[in-house]
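Subject: Structure handover

Hi,

Here is the structure I promised to pass on. Please open it alongside this note; my findings follow below.

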Amino acid sequence: MRDATAAPPPSSPPPFSSWEREIAMRYLRARRSEGGVALISIISFVGIMLAVAVLIIVMSVMNGFRSDLSGMILGFNGHDYVVSPVETTQGRAELLARLRAVPHVIQAIPVVESQTLAQSQNSAAGAVVRGVTPADLKAMKIITGNIKAGSISGFGDGDDGGNLVLVGARLAESLGVRPGDPITLVSPSSNATAMGVMPIQKTYVVGGLFQVGMSEYDQAFIYMPLNQAQLFFGRGAAIDYIEVKLDNPDLAPAMKPALTEAAGEGAVVTDWTEKNQAYFGALTVEHNVMFLILALLVLIASLNIISALVMLVKNKGRDIAILRTMGAGQGAILRIFFLCGATVGALGTAAGLLIGVLFCWRIDDIQRFVEWVTGQQVFNAQVYFLSRVPAKIEWHEVISITLIALAASFLATLPPAWRASRLDPVEALRYE
């Protein structure tokens with residue numbers, strides 16, 4: 001007898017006993033000349049490992065992309081928006097005081113925002129001007145913490161400081177301007193003159209360049225003192241909206257009734273989920289669909305285990321017959337071959353889990369290495385909005401992937417293992 005030397009003891013052993021595990025491991029290690037299927041087992045192991053690793057990496061990158069994008073959007077913009085009919089300076093100050101007194105509100109910022117045409121001596125580009133007070137700008141960590149050139153010193157202070165603006169780094173690059181250079185802004189509104197209707201334009205000085213890491217903002221936005229924006233766009237003492245930031249952005253929808261009550265009659269309150277509903281909804285759908293598609297890869301890879309076990313059962317027909325005649329029951333035979341397939345699936349899943357997690361943890365180093373080897377930028381910020389490949393491991397998702405891979409591997413072992421347990425010893429010995 002070749003591989004059935006570890007015969008069962010006379011008494012009935014418990015399920016998955018040592019002799020069952022020993023025979024299963026011996027079958028997995030057997031060479032092809034001994035009736036083993038080591039090559040197919042290795043292929044099955046590699047297939048499951050790669051499928052699990054790819055699923056973890058892709059899901060983590062998508063989670064990181066969503067998290068970074070959400071963080072930048074919510075850091076750069078407000079969580080709730082209040083539009084109020086109050087137009088006087090005194091009335092707005094009282095409104096801001098009431099809003100700031102609402103629980104969970106950490107900032108209430110009056111904003112004037114409008115599109116404009118930005119011109120330099122070399123080029124022109126469309127831009128969005130956002131007017132805020134100097135104090136509110138200094139409280140925006142996503143701006144003040146990402147000044148790449150120049151500074152916000154003097155922003156909105158005195159006559160000269162009133163002409164200072166902050167420009168997104170990519171917009172400044174396209175215009176060819178640096179801190180200290182003049183930049184001309186053209187307002188969409190116009191003035192009636194003796195020569196006809198003329199657009200309003202004014203020259204400002206670039207005080208600093210900011211780069212938040214999201215190209216959509218870095219290549220479009222200009223920050224201007226609030227009083228200058230009101231004057232430039234003809235708002236008088238009015239503002240466009242009040243940007244409210246909370247200590248927890250997820251509370252934005254629930255805070256709308258409290259903010260509406262504080263804002264008073266005639267006010268309209270919206271939140272970031274409404275403003276970006278289509279965008280974040282598309283990300284959620286893409287995430288779920290991608291998970292389902294890649295989960296199918298795990299199921300397909302687990303099917304290789306069936307091929308390996310079918311061949312193993314065919315090659316070990318004589319061993320199965322001898323074990324049966326020595327007292328091994330159908331359950332013992334089923335468990336032996338189940339252990340063969342389950343071991344391959346479990347080892348492949350564990351290896352894939354390790355590779356996927358390590359890849360996500362070191363993704364920045366991997367990105368730099370690939371760019372160094374290829375000499376090409378593999379993650380273009382102008383296309384993907386972010387300047388680096390993000391990765392955020394959601395452990396509940398990793399656990400789900402691991403359980404799916406293990407379940408698929410275990411289920412794939414059952415048909416050939418069941419077939420082995422139902423093999424007739426007499427028939428098996430007859431055709432050996």
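Are Phe76 and Phe221 buried or exposed? Both are buried. Keep in mind that this is a predicted model.

Confidence comes next. The protein chain has a mean pLDDT of 80. Of its residues, 85% reach 70 or more. Strand β8 has the highest confidence, at 92. Helix α16, residues 381-384, has the lowest, at a mean of 55.

Now the aromatic rings. Searching the whole structure gives eleven aromatic pairs. Two of them involve Phe76.

Take Phe76 and Phe210 to begin with. Their ring centres are 6.4 Å apart. The planes meet at 35°, so this pair counts as tilted. Phe76 sits in helix α2 (residues 38-76) and Phe210 in strand β7 (residues 196-210), so the pair ties together parts that are 134 residues apart in sequence. Phe210 is buried, as is Phe76.

Then there is Phe76 with Phe221. This aromatic pair is edge-to-face, with 5.0 Å centre to centre and 70° between the planes. Phe221 belongs to strand β8 (residues 221-225) and Phe76 to helix α2, so here the parts tied together are 145 residues apart in sequence.

These residues also belong to a cluster. Ring pairs link Phe76, Phe210 and Phe221 with Tyr217 and Tyr223.

Best wishes

Conventions: Residues numbered from 1 in each chain as written. Predicted model: local features only at pLDDT ≥ 70, side-chain atom pairs only at ≥ 80, totals over all residues. Heavy atoms only, no water. Phe/Tyr/Trp six-rings, centres within 6.5 Å; stacked < 30°, edge-to-face > 60°. Helix = DSSP H or I, 4+ residues; strand = E, 2+ residues; numbered from the N terminus. Buried < 20%, exposed > 50% of the residue type's maximum accessible area, 1.4 Å probe, protein only. pLDDT = per-residue confidence, 0-100.
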